[in-house]
Amino acid sequence: MDLKDFRHLMNRDCMSIGVHPCRVTAMVLKVFFPSCCSSADSGILIGRWISEQNSAVILAVVHFPFIPVQVKQYLGEVQRVTKVSVSVLGSWSNSKQEKEESLSEFLEDLGTIFCHEPWIQISKEGDSKFWSCSILQKHSKNPQEEEIILVYYDQRKVMLSHLHPPLDTAGQRAEDASKLSAIFDTVARSQVLFMTDRYDEGPIKLTHWQSDGVEASIIVELLKQASVPGCMLLTFLLSLLSGICRSRLLKFWPLSFLWSKLSTCEQLGHRLQHLQVISSNKKAQNQNQLMRKANIFVSLLIDVALGILLMSWLYRKNRIGHLADTLIPVADHVAEELQDLLQWLMGAPAGLKMNRALDQVLGRFFLYHIHLWISYIHLLSPFIEMILWYVGLSACLGLTVALCILSDIIELLTFHIYCFYVYGARLYCLKIYGLSSLWRLFRGKKWNVLRQRVDSCSYDLDQLFIGTLLFTILLFLLPTTALYYLVFTLLRLLVVIVQGLIHLLVDLIDSLPLYSLILRLCRSYRLAAGVKFRVLEQQDGKPLRLLMQINPLSYGGVVQTYRLPTYSCYPRDSWASLCKKLFLGELIYPWKHKGDKQN
Amino acid sequence: MAPGSAQGAPAAGRSGPGMDGGGPAAHIVCMVSDFFYPNMGGVESHVYQLSQCLIERGHKVLVVTHAYGHRKGVRYLTSGLKVYYLPLKVMYNQSTATTLFHSLPLLRYIFVRERVTIVHAHSSFSAMAHDALFHAKTMGLRTVFTDHSLFGFADVSSVLTNKLLTVSLCDTNHIICVSYTSKENTVLRAALDPRIVSVIPNAVDPTDFTPDPSRRDDSTITIVVVSRLVYRKGIDLLSGIIPELCQKYPELHFLVGGEGPKRIVLEEVRERYQLHDRVRLLGGLEHQDVRNVLVQGHIFLNTSLTEAFCMAIVEAASCGLQVVSTRVGGIPEVLPENLIILCEPSVKSLCDGLEKAIAQLRSGTLPSPETVHNEVKTFYTWRNVAERTEKVYDRVADEVVLPMKERLDRLMTHCGPVTGCIFAFFAVLNFLLLTFLRWMTPDSIIDVAIDATGPKGAWTKQYFFGKKRRVKEELPNS
Amino acid sequence: MAEERRFLSASGVPIALRRRQHSASCRELAVRGPRLQLRSLSAATSAVWLAAYGLFALCENSMVLSAAIFITLIGLIIYLHFVKVDQESLLVIGSLGIQVTSAYASGKESTTFIEMGQVKDVVINEAIHMQKVIYYLCILLQDPEDPQGVSEVVPLFQSSKPRLDCLIEVYKSCQEILEQRKTAP
């Protein structure tokens, strides 16, 4: 879809719109009304007036009878705690029967006690869905009819939900950000207001959303208290562990090199960091950090659970032994296949006629390597089962660690393929390099290192002769080397692809924000992408009624927002550059090593 | 205003002459070329300037080209010139790859929605232009082609291109060349009837190229070269001239503007003879910077090996420089003899020419830049080009487009037995594809584009003076 | 309050535009595409099954048949749930914003609400789309840094792609309400 490109369409019809006789309409006043208050008894409406948006966010209804002074005191207290300018916005009358003419006058009088501009009067008659709503403006100069929109909202959902993308700096920024976030902010910050219980015997009776799960929250509170010492212990252990890891002893050259090449170590370090994040007793500053902690916790939990499941499967029925028994023959078999392949290459592979001498030399060289390899494997074979048994224990640290160990084992067992690949690639690279520079000589050019460009240059006859001779020799030897290079590169690519798949799986487990996904599934309103409105039934003469619902974030959005960072970097080079590298004979590494190299 | 009346305007334009109370018919012209802004060059500015002048004369003009990077879709340029940047793959040298068929759906859609009456293709290097000609003929629209370049006859690539050009032009209504040499060349290459070939030279905007002698440094002599640094422009000749003249005249300076693969040749010359302070390579120039480079020099040197119409020497002469140029292609026609020194395309002849110019400069016999400018500015103007092009359009509008049968006959008799038959077969295939497209999306459900230019354009000049005034003018309408 | 008019889409399919005036500053415009035809559905299904039977006759593996049933079912679900859009509607509320809803054939609705503060304008635009040059309606979003700039373009009626006459109708309706916003202090 090529819709990104756009251009104003300055057509005649667009322009003529401006000619329309514009109706003089007044500002529209929006009243956000909590749907839980729709059956409340008559009283006064308290909430926040957002003047720049001309909208009123109603938070609760105070019932009759009350003493105005006490209401004012109460509001002052709420304002102090929540830092939201809560005030009395208007009156609410819910007349079950068609009576109480005198009440309306009384309600108007209330406006003089709690002076607020404008004074909103909402009245509901019987069970009618259509409420009448009027605005009183005493001090305004132009008493014009204002249009009113009634927007119902679910107080609980709006309070608990978090708008995405989340604002970085809370507080003053929220005011000027956007209309919706101001409303969400207002409701969320007046949480204190909702804490007062319906059955409290206070001087003021309020109707608003009531939280039911007080008992559950007590249990949560207890758990929180109990987890503090646990976390402290964990932190201590972790700091000890990371201290050991950081000790000078492990920093010497061969060891540090080895650590960086083994993906198991990387994964363990990564998990260590995660544990540190979880157990740190610093309070999460904002929603994002909180979610991050929860996500890490859940992913760690699931990882370990899967690991233990794997372990319980492995240690039953002597599966380890079977595995060890099959591993050695497989390695042997691979080596034999390679030997056959080399024999084939040393003959006339696929009917190609190779340079016999070079072919024999290369083939013998590789055959000797395989011979070395086989003897090494046989030396190792008595200990394989024991090694596997101990390695299998590491699965209790998590499935990801087990997978990383698997990847490392594959790496170690295919070390000969790696060696072959490196030899082949180096040889091939050298030839290509030589050929390209001799080709330049051939054309009377040379590479200027200082200026990074190709200059023209006049060579002597001797130089040209030698160069041409070398060029021909290299060119005719190229196919032999290229064939060896091609075969071993394909083998290497196979291993790299298998390892890559394992790492992809590890990354998936590491980075999937499981907690957020579960939250999205069960409590979709908690993660809001925005809101949506539904137009409710209309009646002439009554204000427009809208229902504000929360538009949950899509699953893709959840994953994108809360994805946990992984340690392994994917190769940044594209397919084209990979192919170019393969063609030029530069070494390609499995994905993780690539990242190490760049760091 | 009802949408119907907005759509009514182009529909009426299609109904033929006499719509504006007896005045000349307004054409709806579709310029097709691979080369257009933001690419820079002679063809590009030709298409742009011609379109602007035609819009000024009350025609509706749109430009179709291929996408340049992120610039794709529909854009509007000054005075509502609508440009379609089509998402076609670029193959080589900004020219699109062609299969002769794949561009038909989009081009047909554009021709139908804009109610195009004349398709004007530019440049024989542009594959898209040839495609558009082919499709326009299949759809029964009138076609005009402008050739901007000269070709040889000898090498294999020229033989092939000439054959294709023969096929492409044998049933085109009219062909425009930029110089008489170019006309001769084109008539020979494409085996055309010379009567349907007109010569309309290129033009320069003289107000953009005014002399400014104060910018010159009169203690030295500066030779300016502004061209793309490619083989065709004779850069190898230039690399021979520079050391020879620099040795002879110590006060001589060279100023070279332009970019290209041959830049390395000049750099090497500069390094070998240590002329870093005397030969300045400016690199690629924006069009608006060209004048500022030109006015710094005394002599303009053009070393082209082939050229249909050299705009660069007109621009240089308009800036008041003495022009030294090779005698190739249409160059001798461009400027009168007192303004130009013509040489053979060899190092020796060009050096002689330059020495003659330097001698004239030293003796002060050269005319002043102002007088040269005043003389040149009357020669070539875009308004004149547009007027002459309009006459071609008027003539073409009265002609009939060959029906399918005659077109096939023409192809087979005109282009040789093998090529003719192949392309006749392609023409039939193209027609079948068009019939299929017409069945898939009939012309009736293609929305007519809102007209931006032309006599009843939505983007009239007043729009730019502000909306307020415009609304007032619209009032009686609505 | 509600009025319905018939139009054509850019590919020649009949569509219906329904305009509903909820109040002076609240208007809903819904474009309803054609319903899923039983004919095309059965044609697609039978084509897949015939191909499967052909394969079955060739290789005599009953896996092919079960796979065909599976593919048809999955394909139908995906088509109804993610591809086939029944109705696209635009709810313009003068002081609040613009809400864009598209309802899929399976009943899934995807909604985006754009606050009025973000809306710069609603315009008709041209684009090249699938070998066609079409007009489309889009909402220009205000760039928060630059009051003149446009940060994003939200195309409307992407799946039904109405023709210009329908778009002009919608455009005028939207502009009437947007004008109110501009005249308001």
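Residues are numbered from 1 along each chain as its sequence is written, while chains are lettered from A and ligands numbered from 1 in the order in which they are written. Since the model is predicted, local features need pLDDT of at least 70 and side-chain atom pairs count only at pLDDT 80 or more, whereas totals for chains, interfaces and linings use all residues.

**View 1. The open six-stranded sheet of chain C.** Six strands of chain C form an open sheet in the order β1-β2-β3-β4-β5-β6, with antiparallel pairing; strands here are DSSP runs of E with at least two residues, helices are runs of H or I with at least four residues, and both are numbered from the N terminus. Two strands are taken to pair if DSSP finds at least two bridges between them. The edge strands, each pairing on one side only, are β1 (2–8) and β6 (109–115) of chain C. On average, neighbouring strands of this sheet are turned by 15° against each other, direction ignored, where axes are lines fitted to C-alpha atoms, for helices over the stretch in contact, and angles run from 0 to 180 degrees between N-to-C directions.

View 2. Strand β2 (residues 14–23) of chain C runs antiparallel to strand β3 (residues 26–32) of chain C, and the two are joined by seven bridges, with C:L17 standing opposite C:V31 in β3(C). Strand β5 (residues 97–104) of chain C is likewise joined to β6(C) by seven bridges in an antiparallel arrangement, and C:G97 stands opposite C:E115 in β6(C). Four residues lie between β5(C) and β6(C), which form a hairpin, and C:G107 in the turn has a positive phi of about 100°.

**View 3. The open three-stranded sheet of chain C.** The strand order in this sheet is β7-β8-β9 (chain C), again with antiparallel pairing, and its edge strands, each pairing on one side only, are β7 (119–129) and β9 (150–155) of chain C. Neighbouring strands of this sheet are turned by 35° against each other on average, direction ignored. Ten bridges join β7(C) to the antiparallel strand β8 (residues 132–142) of chain C, and C:E126 has C:Y135 in β8(C) as its bridge partner.

**View 4. The two domains of chain B.** Chain B is divided into domain 1 (3–203 + 384–465) and domain 2 (213–379), with bounds that come from an automatic or database domain assignment. Taken over C-alpha atoms, the centres of domain 1 of chain B and domain 2 of chain B are separated by 35 Å. Twelve residues of domain 1 of chain B are in contact with nine residues of domain 2 of chain B, two residues being in contact if their C-beta atoms, placed from the backbone, lie within 7 Å. Helix α6 (residues 180–190) of chain B contributes three residues, the largest share of the side of domain 1 that touches domain 2. That side of domain 1 of chain B has five nonpolar, seven polar and no charged residues, where Ala, Val, Leu, Ile, Met, Phe, Trp, Tyr, Cys and Pro count as nonpolar, Asp, Glu, Lys and Arg as charged, and the others, Gly among them, as polar.

**View 5. Packing of helices α7 and α8 of chain B**. Helix α7 (residues 235–248) of chain B and helix α8 (residues 263–272) of chain B pack at an angle of about 10°, with their axes 9 Å apart. That angle makes α7(B) roughly parallel to α8(B); angles under 35 degrees count as roughly parallel, over 145 as roughly antiparallel, 65 to 115 as roughly perpendicular and the rest as oblique. The contact is made by B:I235, B:D236, B:L238, B:S239, B:I242 and B:P243 of α7(B) together with B:V265, B:L266 and B:V269 of α8(B), and by class it has seven nonpolar, one polar and one charged residues.

**View 6. Packing of helices α11 and α15 of chain A**. Helix α11 (residues 287–314) of chain A packs against helix α15 (residues 399–413) of chain A at an angle of about 60°, with their axes 7 Å apart, and the two helices are therefore oblique to each other. A:D303, A:L306, A:G307 and A:L310 in α11(A) meet A:L399, A:T400, A:V401 and A:A402 in α15(A).
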